[in-house]
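Let's walk through this structure together, with the model open beside the text.

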Amino acid sequence: MSSATGLPEGVAAAPVPVAEAGTPAWQRLLLVAGGVILALAPLWLLESFHLFQLTMAVIMALAVLGLNIVTGYNGQISLGHGAFFAVGAYCTAILMSHFDWSFWWTLPVSAAVCATVGFGIGFPALRLAGHYLALTTFALAVAVPQLLKHKAVEDWTGGVQGLFLVKPDPPAFLPVTPDQWIYLVVVSIAAVLFFLTWNLIRGRIGRALMATRDHPTAAEAMGMDIASLKTKAFAVSALVTGIAGSLSAVAIEFVAPDSFTIFVSITLFVGMVAGGVASILGSLFGGLFVLFVPNIAESISKAAPGVIYGIILIGLLFVMPDGFAGLLRRLTARLRRGGTS
Amino acid sequence: MALLEVRDVVVRFGGVTAVAGVSFDVEERQICGLIGPNGAGKTTMFNCISGIYRPNEGLVRFGGEEITHLPRHRMTELGIGRTFQNLALFRSMTVRDNVLAGAHVTGRSGFIANAFRFAAVRREEAQAALRAEELLGLLRLRPVADIPVAALPFGTQKRVEMARALISRPRLLLLDEPAGGLNHEEVDALAELLREIRHSFDLSILLVEHHMSLVMRVSDKVAVLDFGKKIADGTPYEVQNDPQVIRAYLGDGHGDEHARAA
Ligand SMILES: Nc1ncnc2c1ncn2[C@@H]1O[C@H](COP(=O)(O)OP(=O)(O)OP(=O)(O)O)[C@@H](O)[C@H]1O
Ligand SMILES: [Mg+2]
């Protein structure tokens, strides 16, 4: 452990190059361009039903991303994120159908409401560790459809019937159909939120979230205010999943309590695990997985799609124990090694 | 006024009194050894100073300010850094990220600023990265910087803990058995490193260690605990020749490997 340099005033003399990220600018530009092309291609390649499905997959991916912030990165298990999805969807639906708000203006309101609800749930969550938190959030998700049907709020939520709304029209200068437009809107908003989340995770706060998950005592000893971090993580997580809910409301043009059963929460959890826990890119895979794999299962067996779905899920987790993201990580590691040797 | 003042601290766990009224000081730029047989209460004392335990009685002052009742996460900010006896690293994170996590208190940016990665955040990150790089170099961790910390050998993980504690530039560094699992040459290097750190980082060190030759070599002063009580303190020479200390180490029930090391 002999270090020959007597550090003057604790400052090492050697100037160390600190690259912001390892990749050069042109490579990053190429990556972004590739991503944009990949995201836009379905506009021409898919007809309206499949484009709608893809839209929903992106929405689910965004919802999974929200869950990943609090559960994947911060280690607070939530089995009730469907509740935030529902709150976001109903915020948008109520504002649009009762007050004729434009869809765009409902987004900040929905974000604020979901973040507040998430923050509120983050407080009792502080006292509930691990499995207890999982059960409490589960209970929340079970309660939501019943709350939405309740007499006291029926006038607003439309009760069992739910609420109808209309997709925003594409701007006149764009030669796209409403379906294509909503796809564009969803992809753009998701892209922005994925980017912001990536920023959040790769810096000071992201490290603190993960540190809190890995070793709370040590995290506190490093000066991290665990209570503040955890409640804010819950708020941000709920915000992201809530925005996904808002997007789903306009994409489907309809909300009803029975679209927000506990099954939504479980689906998000499955998406997170299948895509990769604590992975941004994994959330995208997770969204695609939970939307398309059930369809594939149904095309294999009309009689017992659930069984096929289960088999596919178990099979995939057997092959990729850390989700798509883990598989991707191993593949790129192998490619790199292959490239240099 | 001493940098750290511990006064009549008592810690009980149910029926067990782990620390039974201990007082001592650590001066600025001093290396103070804290020794004692297994179960003497050294780690418990550390946990009181760093706020993990609240003493049942007594108080701890740091830089003249009483810190006994401050929240745990405030200690680093005040200038108390620490390592743990049984490793408390962020296991899924890389060595570099572990060290950077130690720099948490040197930053100010919150959730929103980070999400948008404002210029201030980028500056903060660049500064932290630069300092992490220095410490990775100082503790010979550069070759493993991007490896998840859990995959590394015990001795290396101990060095990661030290880097993580140092990056926040503490005024007092609490080291709980840094020589655990090291061989002879490594212990020599560690002694060298501790002196160098004290000098270049301008800090005090409170050192808990069973490796007597290390403690005696680097400490300006040594305090000895036995069964939760301080039985001696003074220069290494004084302590080594204190009959009570000799008895505690040779005495009944305690392993004699420490005595030999002393
Ligand atoms: N959290 C706890 N709950 C109950 N008893 C504890 C706890 N922590 C420590 N003790 C007891 O307090 C006494 C002092 O323990 P401590 O860990 O402080 O000793 P130590 O001097 O660090 O020993 P070692 O050299 O083995 O690390 C021991 O008898 C121990 O069993
Ligand atoms: Mg101990």
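A polar contact is a pair of N or O atoms within 3.5 Å; within protein, one must be able to donate a hydrogen and the other to accept it, and residues adjacent in sequence count only if both atoms are side-chain atoms. This is a predicted model, in which local features need pLDDT of at least 70 and side-chain atom pairs count only at pLDDT 80 or more, while totals for chains, interfaces and linings use all residues. Residues are numbered from 1 along each chain as its sequence is written, chains are lettered from A and ligands numbered from 1 in the order in which they are written, and side-chain values use heavy atoms, leaving out hydrogens and water.

Start with Thr43(B), where a side-chain N or O atom is 2.7 Å from an oxygen atom of ligand 1. At Ala40(B), a backbone N or O atom lies 3.2 Å from an oxygen atom of the ligand. Tyr53(B) places a polar side-chain atom 3.3 Å from a nitrogen atom of ligand 1. The protein buries 64% of the 630 Å² that ligand 1 exposes when taken alone (accessible areas come from the Shrake-Rupley method with a 1.4 Å probe; for residues, only the protein chains shown count as cover).

Now turn to chain A. Is Trp44(A) buried or exposed? Trp44(A) counts as exposed because its relative accessibility is 68%, where exposed means over 50%, buried under 20% and partly exposed in between, with a 1.4 Å probe and protein chains only.
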